[in-house]
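Have the viewer open, try each task, and then read the solution.

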Amino acid sequence: MSEANQEAREYDTAAGHVESVAEFEDTRGGVLGKLQHLLHVNPSLVPLIVLVGAIVIFGLLLGSKFFSPFAMTLILQQVQIVGIVAAAQSLVILTAGIDLSVGAIMVFSSVIMGQFTFRYGIPVPVAVLCGLAVGTGIGAINGWLVSRVKLPPFIVTLGMWQIILATNFLYSANETIRSQDIEANASFLQFFGTKFSVGGATFTVGVMFMLILIAVLAYSLKHTAWGRHVYAVGDDPEAAELSGVNVHRTLMSVYMLSGLICAFAGWALIGRIGSVSPTSGQLANIESITAVVIGGISLFGGRGSILGSLFGALIVGVFTLGLRLLGADAQWTFLLIGLLIIAAVAVDQWIRKVSG
Amino acid sequence: MSEATPVVQGRGIVKRYGHVTAIDYSDFELRQREILAVIGDNGAGKSSIVKAICGATIPDEGEILIEGKKVNFSSPIDARNMGIEIVYQQLAMSPALSIADNMFMGREIRKQGFMGKYLRQLDRPAMERFAREKLTELGLMTVQSINQTVETLSGGQRQGVAVARAAAFATKFIIMDEPTAALGVKESRKVLELIQDVRARGIPIILISHNMPHVFEVADRIHVHRLGKRLCTIDPKDYTMSDAVAFMTGAKEPPTEDAA
């Protein structure tokens, strides 16, 4: 044995050579620790508890006026647009981005569907496809600017929001296409508003679309390689790249999918309000971010479940309807939502401490 | 391939960035079944030469032969497809994902049949089984659950998973870039043991390290890099750590004949 090796040995002996390789002991303890762990594993549990709690409380206060199939499905109808947009927002936020242009993409797509049909006489299904294509295209530009030009998502989508909204007003000449005209000439545009009832509960195609969309995305995020890559990119893009994930392709797919989903939301918006209005849906971006945050998806990316966003949107819907039925001032809704947002982020920070 | 063919051979590799020459006609050689340590002062270009070998940078001149065949990697993915794995100092893992997810990141296994082909469903049981097997082989299976997220592991445990991942997929060789730099003394020990375990399986390793005791403990040969090129290759049994440091810094002339 050389002098050098001897030196190395001594170095180790001094440090206390440990024979067993990598012990993995559990240091978390107590009820609080267990709760923290549970929430860490199931991030959508908090919004689910809040949602169920809110329904129970309003149900007790309001009785059958609130706790009826009619009221429950009314909530679904009221949150469908925000729910669909929140699904798009969730994807972007999971990659540690943010999409402020979701509402603008939604409105612009609906305007394109309407104007292409009425101004140019294009068959409705083709006009709808054009609207969906434009939404996807805008998403692609967002994605490219974020992934290739490396601009912060906040800035890219802040700019894109203004650009699309301005284009929307310029192109539509601020004209609304009336509900009656659509109903008479292009009822396919209102397809998402089609109602059907199941035992006193009224569903619309839009509501079903929202639920199916969330289910499909939840599956894709959890059970496909693409979904794992979305989380990995949001967690640490450099690490993902080094592990062999195509970060550019993942980001492009997320922003394009987000654009496409927003365009679908635009179509659903026509079904919901009946008309095509360039001034509608102005709050969709803030409302979608609210749903995502209350739903427990981390704004820092890589954490959370898309089901949480659905719960988040529903919580807002339950509060809105419940407080209105109680006759409270609508401002109480905003006040409570504000509290929920802050509480949700505080819980997220607490859960993240597990990694410490 | 005969026993004598080096696993990697670099000849006259050059890499320039503007006026800066990061690699200056350097040679490189990794032999079969060895741990080759690469040492050098900061800025000597030891990372650059290793990056050139794994496709992270594309050299301006020179050639690289893997098992005697000339290769032209355009990205680390190319190298990875050939069975070359890299363990990074900063670990390259997604903390919020599970151990199994991390081991298969970028090379997931899909289910057979309809679920896998059309619904692209991952074969979780197969991935978990494989991950558990690989961790057990390296004596790391004191992990409570393979579905534990990586962030719940300590630094040493994470590095263990990274080494297990590399060992599981490497067929040619593994590059380890300062694998112990971010670790405490005890955890470094475990990782050094892992490195020797991996060598015992016949997979050669390139170990970039600043830590002389670690280098002298595990390396079979030491490649001393200075001023952008290979200065010499020494056998750790013939020299002391102070000699190695002296070669590295230019305080001492290198042996004229390649000792190893």
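The exercises below go from a whole chain to a sheet, a helix and a helix pair.

This is a predicted model, in which local features need pLDDT of at least 70, side-chain atom pairs count only at pLDDT 80 or more, and totals for chains, interfaces and linings use all residues. Residues are numbered from 1 along each chain as its sequence is written, while chains are lettered from A and ligands numbered from 1 in the order in which they are written.

**Exercise 1. Describe the overall build of chain B.**

Step 1: Start with the elements. Chain B has 9 helices and 10 strands, taken as DSSP runs (helices H or I, at least four residues; strands E, at least two) numbered from the N terminus.

Step 2: Look at burial. In chain B, 48% of the 260 residues count as buried, meaning that 20 or more other C-beta atoms, placed from the backbone, lie within 10 Å of a residue's own.

**Exercise 2. Trace the open sheet of chain B.**

Step 1: Follow the order. The 4 strands run S2-S1-S4-S5 in chain B, with antiparallel pairing; two strands pair if DSSP finds at least two bridges between them.

Step 2: Find the edges. Strand S2 (20-30) and strand S5 (69-71) of chain B each pair on one side only.

Step 3: Zoom in on one pair. Strand S4 (residues 61-66) of chain B is joined to S5(B) by 3 bridges, and B:Ile66 has B:Lys69 as its bridge partner.

**Exercise 3. Work out how helix H1 of chain B is covered.**

Step 1: Count. In H1(B), 9 of its 9 residues are buried, including B:Lys46, B:Ile49 and B:Cys54.

Step 2: See what follows. Just after H1(B), B:Gly55 takes a positive phi of about 85°.

**Exercise 4. Classify the packing of H3 and H14 in chain A.**

Step 1: Read the geometry. Helix H3 (residues 45-62) and helix H14 (residues 306-325) of chain A pack at about 20°, with their axes 9 Å apart. Axes are lines fitted to C-alpha atoms over the stretch in contact, and angles run from 0 to 180 degrees between N-to-C directions.

Step 2: Classify. H3(A) and H14(A) are therefore roughly parallel, a label for angles under 35 degrees.

Key:
A residue is buried if 20 or more other C-beta atoms lie within 10 Å of its own, exposed if 12 or fewer, and partly exposed in between; C-beta atoms are placed from the backbone. Angles under 35 degrees count as roughly parallel, over 145 as roughly antiparallel, 65 to 115 as roughly perpendicular and the rest as oblique.
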